[in-house]
Amino acid sequence: MKTSVRWFLIILIGGFFLLAGLGKLAEPDAFAQSILRYRLVSSPLAALAALWLPWSEVVWALGLIMPRLRLAATWLLFGLLCFFQVALFSALVRGLDINCGCLGTIGESGVSMALLRNCGLMVGLAVIAWLEKRSQ
Amino acid sequence: MLILLLLATGFAVGQGLLQGLPDPTPKMDAWGLTVEAALEMEPVLWVDARTEQLFNQRHLEGALHMSHDDFDSGLSRLLQSWDPEMSIVVYCDGEGCESSQVLAAELREVLGEERVYWLIGGWAELKEVSNR
């Protein structure tokens, strides 16, 4: 039962990050513009982040399916989500009228929706980490 | 953990070397208008695409509030104030917002009208120009 729950979460969350990363990789300029809209970083930093963040999502999502890398990938993705939550919350507080840019070309969602979705993903990742620790 | 960090960084560096850095400069379309050009247009109907809260705090005189989420009711209000002689200029919050571009594109489609523009720099630029 615990194994099936763990695999369900790994496929769900890993699949989400894989698609989100690939969606951003398909349109790096558009993703760099999305980052800039948060008004937190300068253009050069937005360009570097637009290069690094999608690969992090893709590589760490794939890391979730590899038993030896799973725990590390889980915490890295959790950390990435914490970082996203800070950016999204600051956008919400400043009343920025933007799309979150979370899914690249795959889809759009508002800031509040993205905050809620990320909370769900964080809970899912925490459950994966807990199950992983228990099985070791 | 280090392996995963290095892998992600390695792929990103590889992509950067092959394709160059992404360009975050916003892409302009043919319907972007500067504030100066928009203020010279006559007659014009201004559409405020910011949040209702910001619209209620302050907006351009005569502007109409519209949003993508409540497009139909906004459109019926717009049709009461607009006549086909008028150009339409949609503005949102500022440099980073995109709702004016989205709304202008929707209005162009629904009205079959080419003179629906979005304001470059939005409300922030409008305030700056009016303070000069």
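Select chain A and follow it from the N terminus: its elements run α-α-α-α-α. That is five helices and zero strands, where helices (H or I, at least four residues) and strands (E, at least two) are DSSP runs, numbered from the N terminus. Before you go on, keep in mind that this is a predicted model: local features need pLDDT of at least 70 and side-chain atom pairs count only at pLDDT 80 or more, while totals for chains, interfaces and linings use all residues. Residues are numbered from 1 along each chain as its sequence is written, and chains are lettered from A and ligands numbered from 1 in the order in which they are written.

**Chain A as a whole**

Of the 136 residues of chain A, 40% count as buried, that is, 20 or more other C-beta atoms, placed from the backbone, lie within 10 Å of the residue's own. Among chain A contacts between residues at least 6 apart in sequence, 66% join residues at least 24 apart; a contact here has C-beta atoms, placed from the backbone, within 7 Å.

**Two helices of chain A**

Now select H4(A), residues 70-93, together with H5(A), residues 111-135. Their axes come within 9 Å and cross at roughly 160 degrees; axes are lines fitted to C-alpha atoms over the stretch in contact, and angles run from 0 to 180 degrees between N-to-C directions. H4(A) and H5(A) are therefore roughly antiparallel, the word for angles over 145 degrees. The crossing is left-handed: the near helix is turned anticlockwise from the far one by less than a right angle. Residues of this contact divide into 18 nonpolar, four polar and two charged. Here Ala, Val, Leu, Ile, Met, Phe, Trp, Tyr, Cys and Pro count as nonpolar, Asp, Glu, Lys and Arg as charged, and the others, Gly among them, as polar.

**Where the chains meet**

Show both chains next. In all, 29 residues of chain A are in contact with 24 residues of chain B. On the chain A side, H2 (28-36), H3 (43-64) and H4 (70-93) each give two or more residues. H3(A) supplies the largest share, 11 residues. By class, this side has 19 nonpolar, six polar and four charged residues.

**The sheet in chain B**

Finish with chain B. Its open sheet of five strands has the order E1-E5-E4-E2-E3, with parallel pairing; two strands pair if DSSP finds at least two bridges between them. E1 (32-33) and E3 (64-65) stand at the edges, each with a single partner strand, so one side of each has no neighbour in the sheet. Next, select E4 (87-91) and E5 (116-119), which run parallel and are joined by three bridges. Zoom in on B:Val90, which stands opposite B:Trp118 in E5(B).

Key: Contact = placed C-beta atoms within 7 Å. Buried ≥ 20, exposed ≤ 12 C-beta atoms within 10 Å, placed from the backbone. Parallel < 35°, antiparallel > 145°, perpendicular 65-115°, else oblique.
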